[in-house]
Amino acid sequence: MAEVYPFKEIEVKWQKYWEKNKIFKSTGKGKKYYVLEMFPYPSGYLHMGHVRVYCIGDVIANFMRMKGYDVIHPMGYDAFGLPAENAAIKNKIHPSEWTYKNIDHAREQFKRLGISYDWDREVITCDESYYKWNQWFFIKFYEKGLVYKKETSVNWCDCCKTVLANEQVHNGKCWRCDSNVIQKNLAQWYFKITNYAQELLDRHKEIDWLEKVKIMQENWIGKSQGVTIFFKEEKTGETIPVFTTRPDTIFGATYVVLASEHPFVNKIKEMIDEKKRVEIEKFQEKVKKIDKTVETLLQIEKEGIDTGIFAINPVNGNKVPIWLANYVLMDYGTGAIMAVPTHDSRDFIFAKKYGLPMIIVIQPEKEKLDLEKMNAAYEGKGILVNSGDFNGIDNETAKEKISNWMEKKGIGEKTIQYKLKDWLISRQRYWGTPIPVIYCDRCGIVMEKIENLPVILPKDIEFTGKGNPLETSNSFIHAKCPKCGKDARRETDTMDTFVDSSWYFARYCDPKNNKLPFDIEKANRELPVDQYVGGAEHACMHLIYARFFTYIMRDLRLLNINEPFKKLLNQGMVIKDGAKMSKSKGNTVSPDDLIKKYGADTARLFMIFAAPPQQDLEWSDTGVEGAFRFLNKIWKKINFLKEYIKSVTDDITYDEYDEDKNKLIRKVHQTIKKVTNDIEKEQQFNTMIAAIMELYNTFSDILFDIKNQIELKLIKFTIKNMILLLAPTVPHFAEELWELIGEKPSVLKQKWPEYDKRFIEEENIEFVIQINGKIRERINIKKDLSQIEVEKIAFNNKKIIDLIAEKQIIKKIFVNNKLLNIVIK
């Protein structure tokens, strides 16, 4: 007998067995269960910070497989993206070479960990066979009116000649070269996700997700109900629409503020003298250099410029100056705001700085505001003043009344606005899906023909770190117009990589299909994903985009579902040395090293046992060693007993055993119930492992007569159930032990054990004795004793005897299986 669990030989043995016998392949028959973890970006080799999510998903997949479901459990790689392009620039290699090398290593890491993936379904998003369908979707979206191109302001690095995402702007500078970032207008492609904003909110009730994730999405979508008010320029009468959620404060609007790039600014420049025009253009140039990240906009000092032009407040006819400011965004609302400095803190600071007028229009009920004494805006509830016919009304009621009044007068209209903006998918990069658009001088914007897809990324590329590499490929740029056949120019932007991850779960259903993104019948059998596992940090981009894509696939009649992910489990991070485990922090632990020293199942066991899945996991080398010791204890115990129990059945009868043995039988059934509940309902996998450890300890504490066939049956019964309960977490270990005790593999194809309700509750319970309502004693007694039987025990308890000595008992209150309250005086 091996003294130490020989994990190296055993893990290789069972991995070969699983692969040869296609243990993890879906049959397409019976009730399906689709388990999916968010696929990784192959920016390097996997570390234990990555591995946690896959271990969690695998426990669920193995469990559901043993519960009799036809489990779908695929894996792939989110393989496009900027890191590969940066590696190409740094290492002078093509992004595909770097990407596929990392994928090959990650695949081997997954296999060595024993994760139960169906590798026949593997998807790699940078493969032509995948991104062809990104292009197909783009064209279908375009045909449905869900794609458009418009000019918009972007973060631009003039040194690198490229657009930067907000997260690539650090304190106003480019993350790569540290140059100042400016705002530049570029024509770019958008998906009309706003068409589905309300549905994205309404269908939250259909999905089993954490409430905090739904709230994050609700805040990201940002539904606002308010009024668009029609201010007019004083001289021309041209309308300047302003959206507000506070129509109750309209009588207090003392100026209007426009975003510096608002279209009306160009008209203003035609109305003013040269000196003022130059001042405004200087201000516009200054604002262009500010990156539009939330962080920057919150931190910058509010600055503005008076245009010298006035608007008319439509509710009272007052003239109000029009200003430009650096804190108003063109892509939120209408790009124009009405400023009410007495009741908005941002407007108050701005008005104080520039000496702008203020009017109080809401007075709190218990105090009276005085303009001269105000040092901050009052944003609370109150009664309207200085508001014409609406004086004396509480401001909440006034919102509806003023809105209705403005609509009736034609000076405003009730409006629903969303903070969510249409999805900008253009990226000026190489390593992404080429946008299938051709520009023809004769025909204009033309979609590539479906039969010509995929538009393939060219190889004749120069990676210099300057500009878009696709612009360097003549073979790519020069194309023929699909309509007229004349010379034309191909679009050089590529798609946002979130497009790749917005429908990959559907491609897994039919990954080899070259005629459609997937077979409709197959996808409708397997979708939606029953259990999705991944980080909550993806709540507001990936998870929203995937839902949006699903709605469109439904509307294209490719799917008959509404939501892609029925149930969502958000795992916590892995923390080491006080920080999230990551390559940039230099605090990673390689699964390769861990597997080499302790084996894959030790790594898996630690990741599952160390913390509840939703909480952060603190890395601990001693915790890993503890997991290894636990497996070795079981290994030694079962190895010692295997020859005695191989030929023994496990059909035990409760009446055959003494109290200690019956206690073990109860413990087995209680553990089956606990483990089942922890996986299936609570998703608290750490407590599941703790329960199995308790069962092992109970088992180890009992002395058995190994020559007694009846006792050997109980040993076999306990060991079989313990192995089955361990199998989802430590599958190699469980497979080997299953075979050692004379059972046929695969343990992962065995039926999940069921508990007997008769053995779930303990025969003894803790019972409370109170005197005058205060707990005075806790006793351990048999369940379901009568009041007479409990009183007999209580009144023979020394502590109770002493407490009630020479006292008169007024009454006794008995609650079955809970308490006896003795009332005395």
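A crossing of two helices counts as right-handed if the near helix is turned clockwise from the far one by less than a right angle. With that in hand, here are some close-ups of a predicted model.

**View A. Helix α3 crossing helix α4.** In this close-up, α3 passes α4 in a right-handed crossing. Helix α3 covers residues 82-91 and α4 covers residues 95-113, and the two pack at an angle of about 115 degrees with their axes 8 Å apart. On the α3 side, the contact is made by P83, A84, E85, A87, A88 and N91, while α4 brings in P95, W98 and T99. Sort these by class and you get 6 nonpolar, 2 polar and 1 charged residues.

**View B. The β21-β22 hairpin.** Here strand β21 (residues 437-440) pairs with strand β22 (residues 444-447) in the antiparallel sense, over 4 bridges. Look for C440, whose bridge partner in β22 is G444. A hairpin of 3 residues takes the chain from β21 to β22.

View C. R121 sits in the loop between α4 and β4 (123-124) and E526 in helix α15 (residues 520-526), so the pair ties together parts that are 405 residues apart in sequence. Both R121 and E526 are buried.

View D. E285 and K288 meet through their side chains, at 3.5 Å from N to O. The two lie 3 residues apart in α9 (residues 274-288), about one turn of the helix. Buried or exposed?

**View E. The salt bridge between E743 and K716.** The closest N and O atoms of this pair are 3.6 Å apart. E743 lies in the loop between α23 (731-740) and β31 (764-771), and K716 in helix α22 (residues 709-726); the pair links distant parts of the chain, 27 residues apart. E743 is partly exposed, with a relative accessible area of 21%, whereas K716 is buried, at 2%.

Terms used:
Residues numbered from 1 in each chain as written. Predicted model: local features only at pLDDT ≥ 70, side-chain atom pairs only at ≥ 80, totals over all residues. Heavy atoms only, no water. Axes fitted to C-alpha atoms, helices over the stretch in contact; angles between N-to-C directions. Contact = heavy atoms within 4.5 Å. Nonpolar A, V, L, I, M, F, W, Y, C, P; charged D, E, K, R; others polar. Pairing = 2+ DSSP bridges. Buried < 20%, exposed > 50% of the residue type's maximum accessible area, 1.4 Å probe, protein only. Salt bridge = Lys/Arg side-chain N within 4 Å of Asp/Glu carboxyl O.
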